[in-house]
Structures are given as C-alpha cells and as structure tokens.
Amino acid sequence: MPALVETRALTVGWALHDAGIALNELDAISPALDGRLPWNGARIEIQRARPVTVWRDGATLKSWWTPQRTPARLLAEAGVTPGSTGQVLWNGAPVALNQA
C-alpha cells in the first residue's frame, strides 16, 4: 500500500524509521537503506518477505521466507530447474514461470 512520507532524513533507512515503518531483515528495499535521499523526493520500494514452500511430487522440497514473487525466481532460490515436461502450479493453478 503506497504511502506519502515527508521527512528531513538524509537516508532511506532514516526516512523509513521516521515514518515508523518497521522492516524485516529479509525484506528487499530499493534504494538501499544507506542510500541517500535526493532533495526533491524519492520513491522507496519495499518487497516484504513472505513464507514460501516449494513442493515436488507431493513432498516439501524447501520452506523459507523471501521477498521474491515470480515462480522462476522462487524455484531458482529453491535450487530447482524446471524441466520442459514439468508443470508449475501456484496455489494449485498452472502458471507461467515469469508470472507475478
């Protein structure tokens, strides 16, 4: 959910702190927390880490927290290379690997 924050902070981290926005160490922040804010405003994006479980043939392959959202990136983090005959399901429905 987008929010507009006014701050006099010099860095992304302090701007988020001033706004009362708590982060998880696994959240992805852009620009980086130690990045300087320009004088005329900036857009800060936070991808919250969420729990993910990857199953293969009905068995849990890996469970972890990640900010990744696309099936291709999640499978790469799990160490899985999809085969040409395999099917990727997202919450039980077939999806393309680059689908968000």
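Gln87 is found in the loop between helix H2 and strand E5, the latter spanning residues 89-90. In this predicted model, Gln87 counts as exposed because its relative accessibility is 59%, and exposed residues are those over 50%. Gln87 and Gln47 are separated by 40 residues in sequence and by 26 Å in space, C-alpha to C-alpha.

Pro94 lies in strand E6, which covers residues 93-94. When neighbours within four places in sequence are left aside, the contacts of Pro94 are Gln87, Val88 and Leu89. Pro94 has a relative accessibility of 54% and therefore counts as exposed. From Pro94 to Arg50 there are 44 residues in sequence, and the C-alpha atoms of Pro94 and Arg50 are 21 Å apart.

## The largest nonpolar core

Nine residues form the largest nonpolar core: Val52, Val54, Trp64, Leu74, Leu75, Ala78, Val80, Val88 and Val95. Two elements, strand E3 (50-56) and helix H2 (71-78), each supply at least two residues of this core. Helix H2 gives the most, with three residues.

One of the core residues is Ala78. Apart from neighbours within four places in sequence, Ala78 is in contact with Val54, Lys62 and Trp64. Val54 and Trp64 are likewise listed in the core.

What lies over the face of Trp64? Lys62 takes this place, at 4.8 Å from the centre of the ring. As for pairs of rings, the count of aromatic pairs comes to zero. In general, such a pair is described by the distance of the centres and the angle of the planes.

Glu77 lies in helix H2. Not counting residues up to four places away in sequence, Glu77 touches Lys62, Trp64, Thr66 and Gln68. Between Glu77 and Trp64 the separation is 13 residues in sequence and 9.5 Å in space, C-alpha to C-alpha. Is Glu77 buried, partly exposed or exposed? Glu77 counts as partly exposed, because its relative accessibility is 33%, and the partly exposed class lies between under 20% for buried and over 50% for exposed.

## Ala15 in helix H1

Ala15 is found in helix H1, made up of residues 12-18. Ala15 has a relative accessibility of 6% and so counts as buried, a class that requires a value under 20%.

Leaving out residues up to four places away in sequence, Ala15 touches Val5, Thr7, Ala9, Leu37 and Ile44. Ala15 and Asp57 are 42 residues apart in sequence, with a distance of 45 Å between their C-alpha atoms.

## The largest pocket

The volume of the largest pocket is about 920 Å³. Its lining consists of 25 residues, of which Ala3, Val5, Ala42, Arg43 and Ile44 are the closest to its centre. Val5 and Ile44 are also among the residues that Ala15 touches.

Which elements give two or more residues to the lining of the largest pocket? They are helix H1 and strand E2 (45-47). The largest share of this lining comes from strand E2, which provides three residues.

Two sites deserve mention for their backbone geometry. Most residues other than glycine have a negative phi, and most peptide bonds are trans.

The peptide bond from Ser30 to Pro31 is cis, with an omega near -5°. Pro31 belongs to the loop between strand E1 (28-30) and strand E2.

Asp57 is not a glycine, yet has a positive phi of about 55°.

How values were computed
Residues numbered from 1 in each chain as written. Predicted model: local features only at pLDDT ≥ 70, side-chain atom pairs only at ≥ 80, totals over all residues. Heavy atoms only, no water. Core = buried A, V, L, I, M, F, W, Y, C linked by side-chain atoms within 4.5 Å. Buried < 20%, exposed > 50% of the residue type's maximum accessible area, 1.4 Å probe, protein only. Helix = DSSP H or I, 4+ residues; strand = E, 2+ residues; numbered from the N terminus. Contact = heavy atoms within 4.5 Å. Phe/Tyr/Trp six-rings, centres within 6.5 Å; stacked < 30°, edge-to-face > 60°. Lys NZ or Arg CZ within 6 Å of the ring centre and 35° of its normal. 1 Å grid on protein atoms, 1.4 Å probe; cavity = no way out; pocket = protein on both sides within 12 Å on 5 of 7 lines; lining within 4 Å. Points joined across faces, edges and corners; volume = space filled by probe spheres on them.
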